[in-house]
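Open the model in your viewer and keep the selection panel at hand. This tour goes stop by stop: what to select, then what is there.

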Amino acid sequence: MYVRNVEITGIKSESKDIKTFFFNYSFQFAPGQYVMVWIRGVDEIPMSLSYANGITVRKVGDATDALFRMNVGDSLGMRGPFGNGFAITKLPALIVAGGVGAAPLAPLAEMLKGRVSTILGAKTGGELLFRERFESSGPLLIATEDGSAGFKGLTIDLLNRADGYQEIVSCGPEQMMRKVLDHAVEVRVQSQFSLQRYIKCGVGLCGSCCIDPSGLRVCVDGPVFTGKQLNDGEFGRYMRDATGRKVKF
Ligand SMILES: Cc1cc2nc3c(=O)[nH]c(=O)nc-3n(C[C@H](O)[C@H](O)[C@H](O)COP(=O)(O)OP(=O)(O)OC[C@H]3O[C@@H](n4cnc5c(N)ncnc54)[C@H](O)[C@@H]3O)c2cc1C
Ligand code: FES
């Protein structure tokens, strides 16, 4: 619950709008868990741990923009790790990662090395995140929207080329994950998804991250949910914005 001060020890540019920030503390974590990152004077935002001592961030708004202007030696507040993380019960697993959704999945792939294959997607080849980490963990299929690396198209277009897996694990744009869930239902395998919703308290009290119709809280009951938990609800259809209003995907 308490805030830990950490110092930025390294910054790696992954692509034009994604950077990894390393810090001087290693968390004991399960892949899929997140930390609340306090950028002082700006905001506190959830970020998955992409390493025990690192987060990988896409610049999308005020807080992430402020983070991108920070340097080695600057300090951040961190609470966590929070949430449940991935719990793989059937192997081999298939990972489907889109964009910055690869961040929580790369440490999972490393943990499952030799018992996992991955479909990794991005808009362009230059934006593929953690290609080497997935490649060194098992077979890798790549999809890019402009065709600059691998197959020209979307990750979901490659689902039929993967086989031999017992469980699918996915993180990325929600409409992509919805199609992955539909595929998992069709081929009758278990599935798990890491969900993004507005996290405010991070400890299950404020209700801002509840999903319909179950009322499950993404911050403590998730962010990882099974396909079974998500299939009949808001997943891939709508979410709530920071004020609680429904926004369609
Ligand atoms: C459990 C969890 C783990 C996450 N892990 C990562 C990660 O590893 N790397 C990463 O880059 N991002 C991650 N995010 C998303 C990240 O927290 C948001 O992008 C960030 O809070 C945006 O802050 P901002 O002030 O820069 O943008 P804002 O100005 O707050 O928002 C910019 C736009 O981003 C969208 N947005 C912002 N926050 C959310 C949210 N929580 N859910 C859905 N849409 C949102 C909205 O469309 C908004 O218009 C994660 C979110 C959750 C819930
Ligand atoms: S963020 Fe407050 S209950 Fe989940």
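Start with Tyr34 and Phe82. Both residues are buried. Keep in mind that this is a predicted model.

**Stop 1: the aromatic pairs**

The whole structure holds 7 aromatic pairs. One of them is Tyr34 with Phe82, a tilted pair. Their ring centres lie 5.9 Å apart, with 55° between the planes. That angle is called tilted because stacked planes are under 30 degrees apart and edge-to-face planes over 60. Now colour the strands. Tyr34 belongs to strand β3 (residues 34–39), and Phe82 belongs to strand β6 (residues 75–82).

**Stop 2: a cluster with an arginine**

Select Phe22, Tyr51 and Phe130 together. These three form one aromatic cluster. Which ring faces does Arg133 lie over? One is the face of Tyr51, with Arg133 at 3.9 Å from the ring centre. The other is the face of Phe130, where the distance to the ring centre is 4.6 Å.

**Stop 3: the largest nonpolar core**

Next, select Leu94, Val96, Ile168, Val180, Leu195 and Leu230. Within the largest nonpolar core, which has 29 residues, these six touch the most other members. Two or more residues come from each of β3, β7 (93–98) and α4 (174–187). Which element gives the most? It is α4, with 5 residues. The core also draws on both domains, taking at least three residues from each of domain 1 (4–82) and domain 2 (93–248).

Zoom in on Val180. Leaving aside residues up to four places away in sequence, Val180 touches Val96, Ile156, Leu159, Ile168, Ser170 and Phe193.

Then move to the second core. This one is separate and has 24 residues, including Phe86, Ala122, Phe130 and Phe134. Phe130 is also part of the aromatic cluster from the previous stop. In soluble globular proteins, nonpolar side chains tend to be buried together.

**Stop 4: the two domains**

Together the domains bury about 1,600 Å² between them. Carbon and sulfur atoms account for 62% of that area.

Terms used. Residues numbered from 1 in each chain as written. Chains lettered and ligands numbered in written order. Predicted model: local features only at pLDDT ≥ 70, side-chain atom pairs only at ≥ 80, totals over all residues. Heavy atoms only, no water. Phe/Tyr/Trp six-rings, centres within 6.5 Å; stacked < 30°, edge-to-face > 60°. Helix = DSSP H or I, 4+ residues; strand = E, 2+ residues; numbered from the N terminus. Buried < 20%, exposed > 50% of the residue type's maximum accessible area, 1.4 Å probe, protein only. Lys NZ or Arg CZ within 6 Å of the ring centre and 35° of its normal. Core = buried A, V, L, I, M, F, W, Y, C linked by side-chain atoms within 4.5 Å. Domains from an automatic or database assignment. Contact = heavy atoms within 4.5 Å. Buried area = accessible area lost by both parts, 1.4 Å probe.
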